[in-house]
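Please report on the backbone, sheets, helix packing and cores of this model. Keep it brisk, and give the cut-offs behind each term.

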Amino acid sequence: MDFAYPRPQLQRSQWTSLNGPWRFRFDDDCAFTVPAGIDSWPMQITVPYPPESKASGIADRGFHKACWYQRDFELKPGSDRVILRFGAVDYAARVWINGRLAVTHEGGHTPFWADITHVLDASGRQTVTVRVEDDPHDLTKPRGKQDWQLEPHSIWYPRTTGIWQTVWLERVPRTYVDKIRWTPEVEGYAIKIEARVGGDAADDLALEVELRHGERLLARDRYQVLEGEVDREIVLSDPGIDDFRNELLWSPERPTLLDAKLRLYRGNQLLDEFTSYTALRSVHILRDRFMLNGRPYMLRMVLDQGYWPDTLLAAPGDAALRRDVELAKAMGFNGVRKHQKIEDPRYLYWADKLGLLVWEEMPSAYRFTRTAIKRTVREWTEAIDRDYSHPCVIVWVPFNESWGVPELTAVRVQRHAVEALYHLTKTLDATRPVIGNDGWESSATDIIGIHDYDINTEHIRQRYGAEIAPEQLFDRRRPGGRILTLDGYPHRGQPIMLTEFGGIAFEKEPDPDVERIWGYTVAKSEEEFDRLYSQLLETVIHTALFSGFCYTQFADTFQEANGLLTADRKPKIPLERIAEVTKVSRTYIPGGV
C-alpha cells in the first residue's frame, strides 16, 4: 500500500500510519457495547479497505449493522501530545484506547481525531478499538451511491462499511497549530491565512509564515497569536504587468502552487513547524459565464464516481489517485464532477498539483426527515471545512437531482432545505459558486445544471440551439420529465451547463463478475462508441447556450458500463482520440469562450 501523508495542507514529519492488518469481527445483533465484552476476533482485515471489498481480505457484501476493529501499536508517551486521526469511517464510530473511550463521530465521509496523550500506557504497548455502526437499510443518512438492496441495481453500487481512509498517529508539541485555512484574493494580489492554535494555553505566541514560488521568496512575515488565532492578509509584491502576474496564477493549464512553511514561536522558542501550500486563483460567475482568474472559462468536465473494483470507495493507494487525475487530463477534460462522494484529500492534492478542477458534491440521503437534514448539514459543514483551502475545488453541490428532497415542486419545507443548504454553503465559503440542486428543479443556485441523456443530437440542437430563447427553454423543455426551475425562481441570467449527458455503455471486454450492464445508450462496437461520443461532444461544445458540460462518465462502475475507461482504467478508445474530441474548439461562436 502506497499511502502518503493523508492531510497534505498541514503536513508534519512525525507521523505513523496505522493502515494494515487489524483484528475484525461483525456484530449483526449489536451484542457488544465495550471492547472488554468481545470474546473473540475471528477475522483479520486490511485497513483502510472496507470489509465489502476484495482488498480487505473479507469480501463480504451482506447486510451487517455493526462491526469492530482492533489493533496494537507501540508508542512511548513523551513530553509532547499524540493525536489519533481517521480520514473517514462509515458511518458512526466509537474509538477506545486501552479500553478508555477517546472519541465518537457520526458521518461517513469526513475526518475526526482525538488527543490520546492522557490514555497512553506508560509501557509503550497500546491498543486501539473501533466500533462502527452502519445500518445498511437506513435511508436518512448521507450514503451517496451505496445500495440499500443486497445486490447493486440500476445506478447504485456495493456498500462501504467502516474504515475506508487512512488511520494515522502524529506527535505534536504541547502547544501546536491544529488548523489553517487559505483564501486567495487575486484582485488584491494577496492571500489570507487563518490559523488556530490548540493544546496548552501559552503567552507571547507568534506564527511565522513563509511563502515561496520555487526558489523565489514571496513573503516571510510573523503575526502575533491573539486568543489562540491568527487572521491576516499577506499582500504579495505586485509584478505590475499581466504577463508576469499570470505566472503566479493557478489554472489547469498552469497549476502554480505556492509552497508554505509555518512556524509557531513562543518568544524566540520554536514550538511547532509544518509545511503547507496555497495558490492564487479566483472563481466567480459573471452574467452567463463561469470565470476563472477573471476570464471566461469553459468547463469541460467528466463525472467521476470514485470507485475501484477491488477497493470500492477506498482508493487502492496514492498512485491510483494520481493516475485518475492524470487520466482525466489525458482525455482532454479540465475538470471532474466528483459524484456523490467526498473524495480522499490526496486526490484533491494531485488535482491541485497537476491542474484539474473539481466540483464537490454531498452524498445524498434518500428520505426527507428532520434527522436526514440534520445529518446532511453537519457532514456537509465538515466537508467544506476540510476542503476549503484546495484551489482545485471550484463549485459546491449540496443536492443532486432532488435526491432526499423528492417533492420540491409541492412540499415547501423541502424547498426550504435546498435554499438553506445553498445559503449555509455561501456563508461558510463566500468565494465559490454553489449549485443548490443539480440537474433540475433549481431554486437557489449560481449555475443552472441540466441532466439530459438523449443520445439524439438533433434533439439536443432543438432543445438548446441558438433559435431557442432561454425563457422558452425554462417554460417548455423538461429533460427527464422534470421542470428546470421551480416556480418563483426564474432564470436570472446564470450560466447554463449540461452537467450530465452521454452515458454510452460499451463493454470492450465483458466483466465476468458483472452479470448485466447498465447505461443510457448501448454501443455495439468500438467504432459505434467513438461515433456516438464524437457526435455528442461536437454538438454540446458548439451549443452557445452552454458555458460548460460534464460527460457521464469517467470509468465503468460495477454494472454501469458507460465509462470512457473500463473499471480498471483502460481506455475503450485511444486516449488521444478522446482528447481530440473533448478539446475541440468553439472559438468561432460570437461571444463564446
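Arg569 counts as buried at 11% relative accessibility. Here buried means under 20% relative accessible area, exposed means over 50%, and partly exposed lies in between (1.4 Å probe, protein chains only). Arg569 has a positive phi of about 70 degrees, although it is not a glycine. Arg569 sits in the loop between β33 (546-552) and α9. Helices (H or I, at least four residues) and strands (E, at least two) are DSSP runs, numbered from the N terminus.

This is a predicted model: local features need pLDDT of at least 70, side-chain atom pairs count only at pLDDT 80 or more, and totals for chains, interfaces and linings use all residues. Residues are numbered from 1 along each chain as its sequence is written, and side-chain values use heavy atoms, with hydrogens and water left out.

Asn98 is another non-glycine residue with a positive phi, near 55 degrees. Its place is the loop between β7 and β8. Asn98 is partly exposed, with a relative accessible area of 28%. Most residues other than glycine have a negative phi, and most peptide bonds are trans.

## Cis peptide bonds

The bond from Val47 to Pro48 is cis, with omega near 15 degrees. Pro48 belongs to the loop between β3 and β4.

Asp90 and Tyr91 are also joined by a cis peptide bond, with omega about 15 degrees. Tyr91 lies in the loop between β6 (89-90) and β7 (92-97).

Strands of a sheet pair through backbone hydrogen bonds, either parallel or antiparallel. Two strands count as paired if DSSP finds at least two bridges between them.

Strand β2 (residues 20-26) runs antiparallel to β4 (residues 66-74), joined by four bridges. Arg23 stands opposite Gln70 in β4, and Phe24 stands opposite Tyr69 in β4. Five bridges join β2 to β3, again antiparallel. Trp22 has Ile45 in β3 as its bridge partner. Five of the seven residues of β2 are buried, so β2 is largely enclosed by the rest of the structure.

β13 and β14 (residues 190-199) run antiparallel and are joined by ten bridges. Lys179 stands opposite Arg196 in β14.

Strands β20 (residues 283-286) and β21 (residues 289-292) pair in the antiparallel sense over four bridges. Leu286 stands opposite Arg289 in β21. The hairpin of β20 and β21 has two residues between the strands, and Arg287 takes a positive phi near 50 degrees.

## Helix packing: α8 and α9

Two packed helices are described by the angle between their axes and the distance between the axes. Helix α8 (residues 526-541) packs on helix α9 (residues 575-582) at an angle of about 25 degrees, with the axes 9 Å apart. That makes α8 roughly parallel to α9. Angles under 35 degrees count as roughly parallel, over 145 as roughly antiparallel, 65 to 115 as roughly perpendicular and the rest as oblique.

Asp530, Tyr533, Ser534, Leu537 and Ile541 in α8 meet Arg577, Ile578, Val581 and Thr582 in α9. Contact means heavy atoms within 4.5 Å. The residues of this contact divide into five nonpolar, two polar and two charged. Ala, Val, Leu, Ile, Met, Phe, Trp, Tyr, Cys and Pro count as nonpolar, Asp, Glu, Lys and Arg as charged, and the others, Gly among them, as polar.

## Nonpolar cores

A nonpolar core is a set of buried Ala, Val, Leu, Ile, Met, Phe, Trp, Tyr and Cys residues joined through side-chain atoms within 4.5 Å. The largest has 91 residues; those with the most contacts inside it are Phe290, Leu299, Trp359, Tyr533, Leu537 and Leu564. Its largest share, seven residues, comes from α8. A second, separate core of 30 residues includes Tyr69, Val89, Val103 and Phe112.

Leu537 touches Phe501, Phe549, Tyr551, Val581 and Thr582, not counting residues up to four places away in sequence.

Key
Axes are lines fitted to C-alpha atoms, for helices over the stretch in contact, and angles run from 0 to 180 degrees between N-to-C directions.
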